[in-house]
Amino acid sequence: MRRPFALLLLLAGSGSHALPPAPDRPALIERAKLFGNAGKSGGSISPDGKWLSWIAPQGGVPNAWVAPLHAPGQARPVSGEKVRPIRTTFWAPDSRTLLFINDKDGDENFLLYGVNIHTGEQRALTPFDKTRVQIVKISRHVKDRILVGINRRDPRWHDVFSLDLASGKLTLVQHNDGYENFVADEQLQVRLARKARTDGGVDYFGVAGGAVGATPLVRIGLDDALSTVPLGYASDGKTLYWSDSRGRDTAALVAQDVATGKITLIASDRRADISDAMVDPASGKVQAYQVEYLKREYRAVDRRVRDDLAFLKRAARGDFEIVSRTDADDKWIVAIDRVTAPPSTWLYERAGKTLSKLFVIRSELEDAPLVPMFPRTITSRDGLTLVSYLSLPKEADRQGDGKPERPAPLVVYVHGGAWSRDYYGSNSVHQWLANRGYAVLSVNFRGSSGFGKRFINAANLQWGRKMQDDLLDAVEWAIRSGVTTRDKVAIMGGSYGGYATLAGMAFTPDTFACGVDIVGPSNLATLLETIPPYWESFKQQFYRRMGDPNTQAGRALLRERSPLHAADRITRPLLIGQGANDPRVNVRESDRIVDAMKAKNIPVTYVVFPDEGHGFARAVNNIAFQAVAENFLGQCLGGRAEPIGGALQESTAQVRHGAQFAAGLKDALERR
């Protein structure tokens with residue numbers, strides 16, 4: 001992600017067999033091994049320590065499985081999803097119920113389901129149409145119920161309900177009239193209400209007995225609104241932990257005495273935000289925290305876990321993450337990621353410091369020619385540090401040290417958000433593209449989260465400008481560093497990354513040889529008009545960070561930064577993938593730019609999935625799109641491609657335009 005171009009085209013339409021390796025190239029890794037359903041994933045331990053759960057296919061669809069902790073061979077599926085894959089599960093505090101959230105065809109109207117692991121009974125716990133559930137609080141101490149938010153009464157606001165796990169009964173505990181969300185303590189008492197302000201800041205109000213206070217307890221300005229959030233209460237309710245950037249750049253971990261309001265600094269890092277804490281299951285007090293600049297680091301603040309974390313760091317021989325713990329805190333589930341091997345899930349038993357492998361997430365990749373990922377820091381034209389991640393094809397980096405011996409075609413792979421970030425670790429897209437012969441560069445451009453509030457706020461009103469400049473500066477870095485050549489650079493991404501792809505193709509039409517846009521908005525004004533109603537509280541943040549459609553200047557800015565209005569400047573091939581039910585980026589965002597390009601006879605390939613939303617959840621659809629994408633890129637950049645073959649046959653892919661611009665696509669459609 002170089003052989004004779006004509007040969008590539010011939011092979012792309014000739015069958016389903018992967019190209020054989022050349023002397024200096026590894027064998028092709030099959031798409032299905034990278035993007036198909038994982039054999040097992042999402043491992044977790046029940047609070048009582050008796051059960052393991054994970055996600056694995058049942059009838060071709062990822063479902064929830066459970067097994068006794070010490071008898072994983074007795075595993076059985078406990079959910080019954082037939083079409084839509086389950087993507088995550090979590091244990092109820094009673095250890096009898098496994099919970100999961102799912103939607104229909106990507107509409108993001110997520111419902112909460114529970115499965116009794118003893119009887120196998122599956123129930124919809126929020127069985128309402130056109131409703132989206134939120135988990136407000138799951139307590140370690142209250143075993144028979146949890147708090148959920150439901151926007152059934154008003155799609156903009158989530159009322160808080162107590163959900164009885166045994167009966168499924170929902171009891172209203174907090175009416176919501178204009179609050180973004182609520183914070184509850186370990187006794188499931190709602191304590192704080194967060195409300196957006198018209199200036200883009202947020203206020204936190206105290207809540208007692210269902211009544212929200214009239215005066216804010218905490219006021220947070222726009223600059224801190226994305227990097228100052230409460231993390232949770234200690235079990236006794238006397239201490240509230242925050243990730244807090246007020247008065248500093250990067251968010252620190254602080255403890256607030258609820259009675260006095262006094263704030264005590266626990267830890268900070270000048271390079272990156274502290275956004276997560278590891279707390280004792282019994283006391284709820286902070287034991288350690290994570291900071292992630294280039295890679296994830298655990299740092300202990302409680303001596304009782306210091307030796308455990310040191311042991312895991314030595315034993316993991318790679319990145320590790322503690323993903324679940326028992327109430328007794330005697331057993332942890334640990335995910336280990338060595339990048340050049342598929343991630344694995346382990347049981348750590350603290351008493352004897354023993355680490356036992358439970359499963360490998362994609363065991364079919366254990367012998368695959370996976371490549372390392374290299375953190376890199378790139379300096380933007382105005383002096384910002386852009387933390388980035390580079391993967392290189394084996395034939396360009398024979399030493400495996402991240403220093404290319406020869407340039408390769410480059411794909412700039414842009415993350416979504418935009419207020420999110422790229423991370424170090426196993427990445428199927430990086431491995432896929434590197435295996436096809438491409439260098440892959442993921443850039444944390446300004447506005448990416450985790451690197452301090454100045455970095456986030458440097459992106460305000462800079463969609464399509466300085467945010468885009470950061471990507472262009474990264475391309476220049478890659479050319480100077482010998483990673484690639486100027487004529488062999490593509491751009492690809494989803495959501496905001498899709499927008500960045502369209503912006504790159506339209507605003508700098510000579511920079512990228514081609515682009516792959518997945519669910520990216522083309523018109524920022526209509527994007528803001530069609531956001532889901534449950535994002536009502538975020539609107540003012542969007543307006544101040546993107547452009548305010550309620551002002552003349554804001555409307556002009558949004559129009560100027562919208563690739564749709566510069567579509568006639570696109571000259572290079574573009575591939576667009578879209579879910580028809582996307583509630584965030586309406587399908588019309590893709591329809592309109594495709595129509596504009598068609599009117600100018602500009603090459604564009606357009607693939608729509610009628611049963612998907614903001615991205616492609618079903619493996620058959622994901623594989624189908626990647627099949628089209630790698631043959632499209634091969635035709636553009638000259639990399640290798642596994643022929644499309646029958647990849648489209650089980651998918652719902654509709655190629656609405658431009659099949660001729662992706663090698664083998666017309667033939668695949670005819671065979672289908």
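A word on terms before the points: a residue is buried when its relative accessible area is under 20%, exposed when it is over 50%, and partly exposed in between (1.4 Å probe, protein chains only). This is a predicted model, where local features need pLDDT of at least 70, side-chain atom pairs count only at pLDDT 80 or more, and totals for chains, interfaces and linings use all residues. Residues are numbered from 1 along each chain as its sequence is written, and side-chain values use heavy atoms, with hydrogens and water left out.

1. Confidence. The pLDDT (the predictor's confidence in each residue, from 0 to 100) averages 94 over the protein, and 97% of the residues score at least 70. Residues 1-20 have a pLDDT below 50, yet this stretch has 50 contacts in the model beyond near neighbours in sequence (a contact means heavy atoms within 4.5 Å).

2. What to expect of a backbone. Most residues other than glycine have a negative phi, and most peptide bonds are trans.

3. A cis bond. Between Gly417 and Ala418 the peptide bond is cis, with omega near 5°. Ala418 sits in the loop that runs between β31 (410-414) and α4 (428-435). Helices (H or I, at least four residues) and strands (E, at least two) are DSSP runs, numbered from the N terminus.

4. Val339. This residue has a positive phi, near 70°, and belongs to the loop between β26 (331-337) and β27 (344-349). Val339 counts as buried because its relative accessibility is 3%.

5. Asn601. Here too phi is positive, near 55°, and Asn601 is found in the loop between α11 (587-599) and β36 (604-609). With a relative accessible area of 71%, Asn601 is exposed.
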